[in-house]
Amino acid sequence: CSPVASSRISIARDNSQINSSSRALSCRVARCTSISRCSARSKSASCAFRNASRFLTRTRSPKTLSTERRKRRKLQARGQVDFVVAQTPAETERLVQAMLRQKSAGYQQLGVADLFADPAWRDFVVQLTRHHVADGFVTLMALTLDQQIIATHWGLVHERRFYYLLPAYERSELAALSPGNALLHEMLRWGFDNGITVCDLT
């Protein structure tokens, strides 16, 4: 996987242990790729589409697209909206901590067990991120409003497949404007622009 060419697009423990864990996860992902294309075809952005706009048009009803566009306009009316792809160490640290905080808040609001209340899980995600953002295996993205992080996503890329794994967003009045959905749209565009052949959303 090659690193992302640009870190910002306007619109928006023991090293051996970590490396061993990431290799194991990579192998697991590899075994799943042949399944992903078939079982998740209705939820995947594949190379059959030439660009994200065409994919969204073909997979969303006109009413849904209209609602999403209206919410995006309302979000943009509140300030500068940017799509951010973590690349630098400082940006990576900021985004991964925001994602963990948002994800924990989401678990708590749903009344389910908070995976990241366990320090071991938090440390695993943080260390994997620090070691593999630069090589593109881990992707860490966010949507910001006037530089404030309002939605995040942590995922993996393996053999040009993008795995949508840990989406999160701020539990505030902005939630009504679906910042997580707006971020998903930007991630799909990023995928098409960076040679991703399948976006596995299952």
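Predicted model: local features only at pLDDT ≥ 70, side-chain atom pairs only at ≥ 80, totals over all residues.

To get my bearings, how many helices and strands does the secondary structure of the protein chain come to? After that, which residues have the most contacts inside the largest nonpolar core?

Reply: The protein chain has six helices and seven strands, and along the sequence they run β-α-β-α-α-β-α-α-β-β-β-α-β. Of its 202 residues, 46% are buried. The chain exposes about 10,500 Å², with carbon and sulfur atoms supplying 52% of that area.

Now the core. The largest nonpolar core has 27 residues, and the ones with the most contacts inside it are Leu75, Met141, Leu143, Phe162, Met187 and Trp190. Two or more residues each come from α2 (52-59), α3 (62-76), β3 (81-85), β4 (138-145), β5, β6 (161-169) and α6. Helix α6 gives the most, with seven residues. As background, nonpolar side chains tend to be buried together in soluble globular proteins.

Take Leu75 as a way in. Leaving aside residues up to four places away in sequence, Leu75 touches Val81, Leu143, Leu145, Ile150, Leu174 and Leu177. Apart from this core there is another one, of 22 residues, and among them are Val96, Tyr107, Val133 and Tyr163.

Start with Thr152, in strand β5 (residues 148-158). Thr152 counts as buried because its relative accessible area is 1%, under the 20% cut-off. Its side chain makes a polar contact with the side chain of Gln102, at 2.8 Å. Beyond four places in sequence, the residues that Thr152 touches are Leu95, Ala98, Met99, Gln102, Met141, Ala142, Leu166, Pro167, Ala168 and Leu183. One of these, Met141, is also among the residues with the most contacts inside the largest core.

The other residue is His185, which belongs to helix α6 (residues 179-193). His185 has a relative accessibility of 10%, so it is buried too. Again leaving out residues up to four places away in sequence, His185 touches Leu56, Arg60 and Glu68.

Conventions. Residues numbered from 1 in each chain as written. Heavy atoms only, no water. Helix = DSSP H or I, 4+ residues; strand = E, 2+ residues; numbered from the N terminus. Buried < 20%, exposed > 50% of the residue type's maximum accessible area, 1.4 Å probe, protein only. Areas by Shrake-Rupley, 256 points an atom, 1.4 Å probe, with all protein chains shown as cover. Polar contact = N/O pair within 3.5 Å; in protein donor to acceptor, adjacent residues only side chain to side chain. Contact = heavy atoms within 4.5 Å. Core = buried A, V, L, I, M, F, W, Y, C linked by side-chain atoms within 4.5 Å.
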